Amino acid sequence: MAEDTGTPPQAQNGTAPQTGWQVLAQRIKQWPMPRKLALVAVALISIALFTVIIIQARTADYQLLFANLNETDAASVVEWLKSNNVPYKLKNGGKSIWVPMDKVHEARLSLAAAGLPQGTGVGFEIFDKQSFALTDFVQKVNYTRALQGELARTIASLGPVESARVHLALPQKRLFKNQQKPATASVILKIRPGRSLAEVQVQGIVHLVSSSVEGLSPDNVTIIDQTGRVLTRKEESGLFGAMSPDMIEYQLSVEQSFEQRAQALLDKALGPGKSMARVTAVLDFSRTEKTEEIFDPEEPVIRSEQVSEEKSTTQIAGGIPGVESNLQGNINRAAGAAPSSSRSQRTTNYEISKTVSKTVQPTGTIKKISVGVLVADKVIPATDKEPARFEPRSEQELLRIENMISSALGLDPKRGDKIEIVSMPFTEKKEEAEPPSVAANMIYQYMPLIRYGLVLLGALLVYLLMVRPLIKTLRQDVTAHFKTVEELEAEQLAREKEAEKAAREQEEQELAEIQRDPVLRIREEIMNNPVFAAHILKHWIHQKQS
């Protein structure tokens, strides 16, 4: 009996034991070619997957710090990043700066504390450094510079605006108002490629500048773009009285209101998609003020009245001059009474009645309305003899539709309103492809989660397709490799016994079949299996010898 030394057979035979990797290499060499190709394909897919994940992870680790910086601000920010040992990347020609994701917020706060980026021009930080040697003129110039810089920064914060510059002309204050010159402002904008400013945004910039500068009227603000095109418009521009954006918007709202009312009636009467109504309204935006004075001579009104009355009496004195005549008793006898007189006077002033009225005509009144209605022809369904066809609507039906729309919209023929109704066949509109989902634009927000998911998926595939089969193979090889000699001999003897037992059972079965029908069985076996015939002859020879 061989002793169980616990060493592999190679060590007992005097050869060096094979390592696990060598056993694995031998096992892989014994694999069939399809299995080897599958292993190579899995390895290549895993390497490509991890390469993409690593590249994407290196790219996603950097995030945008600042974008669209001018050269001065970009140089200042880069110098600060270098001094603080913060890694960075420059993109978009040096206008965009990217830093690691975990340092974005800290870098922004630190740069803001350092006053970077400063933006366009100089702001009110110019007054942070006080100096007693500055004159009043220099202080005024610095205030103008600071105001221009702050306005430029505010305007540049708008989405379509890449950069802005503001120029202010602030005249000195005069003693008399007629000598005071108005303040003016000019703004030049650099619009981002592919973007444009709406009229509402331009007016917003105008009001922003005019409200930020004392004594500046919105009419004195001029805005141009980088091509020199004037973006501001006056309320009354040109000799032909061009309509302002507010007027155009009001006209469109009036037309849409009429169209909706007409379309609602048509949809109820004919069905959805069977008609179309379009309205054109001519509006009068002129503003008229009328003052009128009306005099009514038939009904005079007393304006003022003056009444005066006068009464007078006279007395005649008589008697002898002297003291006696003036005594009390002698006076009455000496005086003689004359008759009294009275006079009254009345003066009356009349005013003619007058009515003063002031009438202001509203703006945006309707001068004329033109309505066009398109209705679909009737569809005659197909029959066994004729295919489907279109039939125009009758004149009576079109007249009823015309009366209905005219009454609903309040059309007045005396004002010049017109309505036209036409019956025509409608063509079916082909369904257009749906636009791409908005969620596709949000993939970048979930990129970290996608990256972690890809890492887990790649690790799972590597484990299932590579690691797990290799571990299973190594376990089988190690289990079979480290058996003892006794166990190997016992297994070999068991296999030999099983083989002898199977051969003996097969011979017995063959003999039993031969005994049933020896001649026919032997002939058939000899024709089909020469080896079987040789076994039979060998068996007979042994029987004769015994």
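Guide: This is a predicted model. Glutamate 162 forms a salt bridge with lysine 190, and their closest N and O atoms are 4.0 Å apart.

Visitor: Which parts does that pair tie together?
Guide: Glutamate 162 lies in strand 4 and lysine 190 in strand 5, so the pair ties together parts that are 28 residues apart in sequence.

Visitor: Is glutamate 162 buried or exposed?
Guide: Glutamate 162 is buried, with a relative accessible area of 17%. Lysine 190 is partly exposed, at 38%.

Visitor: What else is linked with Glu162 and Lys190 in a network of salt bridges?
Guide: Lys95 is linked with them in that network. Lysine 95 forms a salt bridge with glutamate 162, with 3.6 Å between the closest N and O atoms. Lysine 95 sits in the loop between strand 2 (89–91) and strand 3 (96–100) and glutamate 162 in strand 4, so this pair joins parts that are 67 residues apart in sequence. Lysine 95 is partly exposed, with a relative accessible area of 31%.

Visitor: How many salt bridges does the count come to?
Guide: The count comes to seven. One of them is between the side chains of arginine 415 and aspartate 417, at 2.5 Å from N to O. Aspartate 417 is buried, with a relative accessible area of 10%, whereas arginine 415 is partly exposed at 32%.

Visitor: Changing topic. What about the nonpolar core?
Guide: The largest nonpolar core has 23 residues. Those with the most contacts inside it are Ile155, Leu189, Leu197, Val209 and Ile223.

Visitor: Which elements give two or more residues to this core?
Guide: They are helix 6 (136–156), strand 4 (161–169), strand 5 (183–191), helix 7 (199–212) and strand 6 (216–225). Strand 5 gives the largest share, five residues.

Visitor: Which residue in strand 6 is the bridge partner of valine 187?
Guide: Isoleucine 223 is its bridge partner. Leaving out residues up to four places away in sequence, isoleucine 223 touches Val187, Leu189, Val202, Ile205, Val206, Arg229, Val230, Leu231 and Thr232.

Definitions and conventions: Residues are numbered from 1 along each chain as its sequence is written. This is a predicted model: local features need pLDDT of at least 70, side-chain atom pairs count only at pLDDT 80 or more; totals for chains, interfaces and linings use all residues. Side-chain values use heavy atoms; hydrogens and water are left out. A nonpolar core is a set of buried Ala, Val, Leu, Ile, Met, Phe, Trp, Tyr and Cys residues joined through side-chain atoms within 4.5 Å. Buried means under 20% relative accessible area, exposed over 50%, partly exposed in between (1.4 Å probe, protein chains only). Helices (H or I, at least four residues) and strands (E, at least two) are DSSP runs, numbered from the N terminus. Contact means heavy atoms within 4.5 Å. Two strands pair if DSSP finds at least two bridges between them.
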